[in-house]
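Let's take a friendly walk through this model, one region at a time. Keep the structure open beside you as you read.

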Amino acid sequence: MARIEPLEPPYDAEVGAQLERMMPPGAPPIGLFRTFVRNLPMAQAMSGWGTYELSRALSLSLRDREILIDRTCARCGCDYELGVHVAFFAEKAGFSEEQVASLAGGMADDPCWEEDRDRLLVALADELHETSTVSDGLWSRLAERLSDAELLDGLLLCGWYHAISYAANAAAVEPEEKAPRLLAGSPLP
């Protein structure tokens, strides 16, 4: 049961306009965003950064972005946000079922990860989650394959989705109807 009930329609004009900005055209607002608009100034402030993180302006590819988001959400035990991203983006990112399962509960060296870049991104999300930094060895390997802009975007993307995971978990946002449940109820060790 949600700890903060998401707003339900009809929305006042300002809330409705904010929810429209947060969703793709024509898509109904998800529960997390309907929860966030309970604090409209906060939701408005978050929009610029959230829009950037999911836009083409981000230096990372959609696949790179979704590896980092999905793994971060899994590590935080956020089945809500992991399910939303798998439902909306897994096919666009070219993830196999094995890769989705690995992001939810596997390891960077799982055989489904054929590309070194993919393995490194999973490892990046894991190290940031475990240590709040990146070891010199992993950083060197990442820096051989990612630009400075991609590295910075990756670091902040993981941090952003820690914050989103914390909010969704603590507010007990109810799962979206069309989003899969991928976690067994607890974050990865």
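Buried means under 20% relative accessible area, exposed means over 50%, and partly exposed lies in between, using a 1.4 Å probe and protein chains only.

## About the model

This is a predicted model, in which local features need pLDDT of at least 70, side-chain atom pairs count only at pLDDT 80 or more, and totals for chains, interfaces and linings use all residues. Residues are numbered from 1 along each chain as its sequence is written, and side-chain values use heavy atoms, with hydrogens and water left out.

## Gln18 in helix 1

With a relative accessible area of 1%, Gln18 is buried. Its place is in helix 1, residues 13-22; helices here are DSSP runs of H or I with at least four residues, numbered from the N terminus.

The Gln18 side chain makes a polar contact with the side chain of Ser47 at 2.4 Å. Such a contact is a pair of N or O atoms within 3.5 Å, where, within protein, one must be able to donate a hydrogen and the other to accept it, and residues adjacent in sequence count only if both atoms are side-chain atoms. Leaving aside neighbours within four places in sequence, Gln18 is in contact (heavy atoms within 4.5 Å) with Val37, Leu40, Ala43, Gln44 and Ser47.

Just after helix 4, Gly77 takes a positive phi of about 70°.

Now look at one of these partners. The axes of helix 4 (residues 62-75) and helix 9 (residues 148-170) come within 9 Å and cross at roughly 40°; axes are lines fitted to C-alpha atoms, for helices over the stretch in contact, and angles run from 0 to 180 degrees between N-to-C directions. Helix 4 contributes Arg65, Leu68, Ile69, Thr72 and Cys73 to this contact, while helix 9 brings Gly154, Leu157, Cys158, Tyr161, His162 and Ser165.

## Glu127 in helix 7

Glu127 is found in helix 7 and, at 21% relative accessibility, counts as partly exposed. Not counting residues up to four places away in sequence, Glu127 touches Ser132, Thr133, Val134, Ser135 and Leu138. Glu127 and Leu138 are 11 residues apart along the chain, with their C-alpha atoms separated by 8.8 Å.

How values were computed: Helix = DSSP H or I, 4+ residues; strand = E, 2+ residues; numbered from the N terminus.
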